[in-house]
Amino acid sequence: MNNKASITALMSSFGRAFHTENEDHPVFTDHLAKELMTAEEYDAVQGYVLCGAQFFEQEIDPAKQEPNALVHKLVNTHIAPSPLCRAAYTEWALKTAVLTGTKQYVILGAGLDTFAFREPEFLSKHKVFEVDHPLTQKDKLERIHRAGWTVSDNLTFVPVDFVKDSLTERLTAAGFDLSVKSFFSWLGVTYYLSAEAIGKTLAELSSLCADGSTLMFDYPDENFFDAREKRVQNTIMMAKAGGEPMQSAFPMESLKSCFRNTAS
């Protein structure tokens, strides 16, 4: 696939789109995910899943399976569960936080997230900031333009190179209000960062959070890289093969210590 989007972002978007289209009772509904992919990309990811069927499950004989049913099984078992569950929980938590005064939503590492376009009522009352690497964000904006979507005045794209830039400076320059309660989502990112980079980001976030703000993120526990589950090992290998190797896993106590150090 000749594009600027990461393979993990495309796989996640494909998983959302396929799950939405093929489930009577989806865990998470993203009816716009497919519109951010070209037809060629969607077909290529589906073909990748089919061709890699035995990578996902060695006992499967693709020749004896109906293609759509096989993709359905593989997506729901190996590709979609984590992205779907964390997105569903986070958006539920966000809407709950709004009831207690949260005014701003910051999506860190937004990728191909479609929240700002699926929730026009939310956007009419609250500000949303999508933060991502400049090149990744440029690609996202090109996709939005191609899809013909309208960008709300309450949606701001904030390009940040986390290696070189200050998240605090870039967000505040983009209109982020340090004085109001905010909700930060940081999903599917910590896996790919060093412990040092994670600590640096947490320290910056602590300076951005007004009292009562929320940070929602996911992380792999200390047994992640040695897990026996085939699905977990497949995820690690796919990320590495896509040029985005996973780096970090944490015991809960180590994470708590990081938060204590950040707060002190």
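Predicted model: local features only at pLDDT ≥ 70, side-chain atom pairs only at ≥ 80, totals over all residues.
Local features were taken at pLDDT of at least 70 and side-chain atom pairs at pLDDT 80 or more, while totals for chains, interfaces and linings use all residues. Residues are numbered from 1 along each chain as its sequence is written, and side-chain values use heavy atoms, with hydrogens and water left out.

Helices (H or I, at least four residues) and strands (E, at least two) are DSSP runs, numbered from the N terminus. The model contains an open sheet of 5 strands in the order 3-2-1-4-5, with parallel pairing. Strands count as paired if DSSP finds at least two bridges between them. Strand 3 (155–159) and strand 5 (214–217) form the edges. Each has a single partner strand, so one side of each lacks a neighbour in the sheet. From one strand to the next, the twist averages 15°.

Strand 4 spans residues 182–186. It is joined to strand 5 by 4 bridges, and the two run parallel. Phe183 has Thr214 as its bridge partner in strand 5, and Trp186 has Phe217. Strand 1 is also joined to strand 4 by 4 bridges, again in parallel. Here Gln104 stands opposite Ser182.

In a regular strand, side chains alternate between the two faces of the sheet. Both faces of strand 4 are covered. Ser182, Phe184 and Trp186 are buried on one side, and Phe183 and Ser185 on the other. Buried means under 20% relative accessible area, exposed over 50%, and partly exposed in between (1.4 Å probe, protein chains only). Because 5 of the 5 residues of strand 4 are buried, the strand is largely enclosed by the rest of the structure.

Helix 10 (residues 195–208) lies across strand 1, strand 4 and strand 5, at about 170° to strand 4. Axes are lines fitted to C-alpha atoms, for helices over the stretch in contact; angles run from 0 to 180 degrees between N-to-C directions.

Helix 1 packs against two other helices. Helix 1 (residues 7–22) meets helix 4 (residues 67–79) at about 120°, with axes 10 Å apart. That makes helix 1 oblique to helix 4. Angles under 35 degrees count as roughly parallel, over 145 as roughly antiparallel, 65 to 115 as roughly perpendicular, and the rest as oblique. Contact (heavy atoms within 4.5 Å) involves residues including Met11, Phe14 and Phe18 of helix 1 and Val71, Val75 and Ile79 of helix 4.

The axes of helix 1 and helix 2 (residues 39–51) come within 10 Å and cross at roughly 90°. The two helices are therefore roughly perpendicular. Among the contact residues are Leu10, Met11 and Phe14 of helix 1 and Tyr42, Val45 and Val49 of helix 2. By class, this contact has 9 nonpolar, 1 polar and 2 charged residues. Ala, Val, Leu, Ile, Met, Phe, Trp, Tyr, Cys and Pro count as nonpolar, Asp, Glu, Lys and Arg as charged, and the others, Gly among them, as polar.

His78 is in helix 4. It is buried, with a relative accessible area of 7%. Not counting residues up to four places away in sequence, His78 touches Phe56, Glu57, Arg231, Asn234 and Thr235. His78 and Gly175 are 97 residues apart in sequence and 39 Å apart in space, C-alpha to C-alpha.
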